[in-house]
Amino acid sequence: ELAYLHPMGAALAPALTKEDIAAHATPRHQGLLEGAGQMLLVVSEGWKDKTANARRYELKDGVWTPAGEEFSVRLGYGGLAYIEDRRQNTGKVPAGVMRITSAFGLKPDPGCIFPYYQAAEDDYWTLDPDSANYNLPRQGSGGGDEEHLFSMGEQYNYVLNTDYNREQEEGKGGAIFLHCNGKGNTAGCVSMAESDMQRLITWVDPVQKPVVLVTVRDELGGYGLAFAPDR
């Protein structure tokens with residue numbers, strides 16, 4: 001089977017560069033922090049927690065400075081697992097650094113800096129590890145394990161895609177997004193109130209190489225980040 005090229009594939013899943021590959025080779029993808037100018041920081045109190053606190057930050061003179069107030073987010077029903085250990089269908093959010101790569105949703109463009117794709121009724125995301133299209137979007141059902149984006153309802157009103165498992169490693173899963181809250185916990189994404197998601201999706205700028213860092217509080221210090229004090 002050949003990989004299916006979605007008409008918005010370049011925007012939804014841009015090709016990995018040599019620099020990306022090198023950054024992904026670091027433990028928990030910490031290499032992706034180099035060059036990033038924007039960060040969504042998601043901090044939980046423990047590995048089994050199903051909620052966390054999040055905040056947007058901008059890098060100014062080497063210091064991560066708040067770009068908004070803290071807000072609550074929902075995690076997967078299985079809690080967290082390190083990026084390198086996370087497996088498909090475990091309900092765990094990948095813990096570590098992931099680059100934010102693209103924006104889409106069921107609603108019209110809310111004013112994104114990223115190119116925005118409004119999902120249509122025939123858009124799917126392949127999660128079948130036997131498919132060459134694993135962890136990629138496609139038009140029309142490919143059969144097997146997949147997400148029908150249009151059927152996800154209000155939780156996909158606004159979505160930011162991450163580069164989790166861009167290498168398409170079998171069994172690690174995919175479709176790890178930042179999106180609006182649904183009825184409960186996610187299957188591995190980070191979700192938030194639609195108002196918070198709208199602020200986030202219109203704030204991130206591809207020029208700034210935005211990332212999301214998901215971690216437990218006890219391990220935040222290991223990333224060596226300098227934070228500006230709250231005023």
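Q: How much space lies in the second largest pocket?
A: The model is a predicted one. In it, 22 residues line the second largest pocket. The space in this pocket is about 290 Å³.

Q: Which residues are the closest to the centre of the second largest pocket?
A: By class, the lining has eight nonpolar, 11 polar and three charged residues. Of the 22 lining residues, those closest to the centre are Leu 127, Glu 147, Ala 175, Ala 187 and Gly 188.

Q: Which elements give two or more residues to the lining of the largest pocket?
A: The largest pocket holds about 350 Å³ of space. Its lining has 20 residues, and the closest to the centre are Thr 17, Asp 20, Arg 99, Pro 206 and Lys 209. Two or more lining residues come from each of helix H2 (18–24) and strand E6.

Q: Which residues touch the most other members of the largest nonpolar core?
A: This core has 33 residues. The members with the most contacts to other members are Val 42 and Leu 178.

Q: Where do the buried residues of H3 lie around the axis?
A: In H3, the buried residues are Asp 196, Met 197, Leu 200, Ile 201 and Trp 203. They cover an arc of only 160° around the axis, so they lie on the same side of H3.

Q: Is Cys 180 buried or exposed?
A: Cys 180 sits in strand E12. Buried means under 20% relative accessible area. Because its relative accessibility is 1%, Cys 180 counts as buried.

Q: What separates the C-alpha atoms of Cys 180 and Ser 195?
A: Leaving out residues up to four places away in sequence, Cys 180 touches Glu 154, Gln 155, Asn 157, Tyr 158, Ser 191, Met 192, Glu 194 and Met 197. Ser 195 is 15 residues from Cys 180 along the chain, and the separation of their C-alpha atoms is 8.4 Å.

Conventions
Residues numbered from 1 in each chain as written. Predicted model: local features only at pLDDT ≥ 70, side-chain atom pairs only at ≥ 80, totals over all residues. Heavy atoms only, no water. Core = buried A, V, L, I, M, F, W, Y, C linked by side-chain atoms within 4.5 Å. Buried < 20%, exposed > 50% of the residue type's maximum accessible area, 1.4 Å probe, protein only. 1 Å grid on protein atoms, 1.4 Å probe; cavity = no way out; pocket = protein on both sides within 12 Å on 5 of 7 lines; lining within 4 Å. Points joined across faces, edges and corners; volume = space filled by probe spheres on them. Helix = DSSP H or I, 4+ residues; strand = E, 2+ residues; numbered from the N terminus. Nonpolar A, V, L, I, M, F, W, Y, C, P; charged D, E, K, R; others polar. Arc of directions from axis to C-beta. Contact = heavy atoms within 4.5 Å.
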